[in-house]
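The tour moves from the whole chain to single side chains.

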Amino acid sequence: MFDIAFSELVIIGVVALVVLGPERLPKVARTAGHLFGRLQRYVSTVKADLNREMEFSELSKVKQEVQEAARAFEQSAQQHAQSVEAEAREVSVALEHPLPPEPASAASTVQTAMLAAQEHGLADDVGAPAVSIAPAATQNTVPARTAAESAVAGIKQGTLDFGIEPVRGSRG
């Protein structure tokens, strides 16, 4: 704290002994020690108070940051919940009001015609080609009666072609 060397303390002690005398010197030294102890306790109390205030200000800043983060999280959670609720409402409305049935596509009509032809014995199961519907067939909307008639006519003639070769097993 103070930059006082031992030699300087000895000089102060000798001067105090001469000025105060040997009878009063111990009493004065004891009083000076008590005052110095009080001063040290006061300084340590002030330091502790300052440290507490600094920690309190830091904690209040951290508390404010945590509260801001909590508000931001709460807002994002509310937005997400609202979007989920909106999707749930859309699904419930869709379930309450089903879509009207779609008109039969040409592909399903052709399959129905082929099944009808098999039932009437016009096509055999063993020699029937593997059938799959080309994307173009599903996009064209042909009236159901015309597609069925053409499919049955194609089976009768043996020229039913969906643009795919029949799958044949390769035996070696």
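Predicted model: local features only at pLDDT ≥ 70, side-chain atom pairs only at ≥ 80, totals over all residues.

Residues are numbered from 1 along each chain as its sequence is written, and side-chain values use heavy atoms, without hydrogens and water.

**Whole chain.** Show the cartoon: there are 5 helices and 0 strands (DSSP runs, H or I of at least four residues for helices, E of at least two for strands, numbered from the N terminus). Of 172 residues, 8% are buried (buried is under 20% relative accessible area, exposed over 50%, partly exposed in between; 1.4 Å probe, protein chains only).

**Helix H1.** Select residues 6-20, where Phe6 is found. Phe6 counts as exposed because its relative accessibility is 66%.

Select Asp49 and Arg52, whose side chains form a salt bridge at 2.7 Å, N to O (a side-chain nitrogen of Lys or Arg within 4 Å of a carboxyl oxygen of Asp or Glu). The two are 3 residues apart in helix H2 (residues 25-96), so about one helical turn separates them. Asp49 is partly exposed at 35% relative accessibility, while Arg52 is exposed at 52%.

**Helix H2, another pair.** Select Glu85 and Arg89: this salt bridge has its closest N and O atoms 3.7 Å apart. Both residues lie in helix H2, 4 residues apart. Glu85 is partly exposed, with a relative accessible area of 45%.
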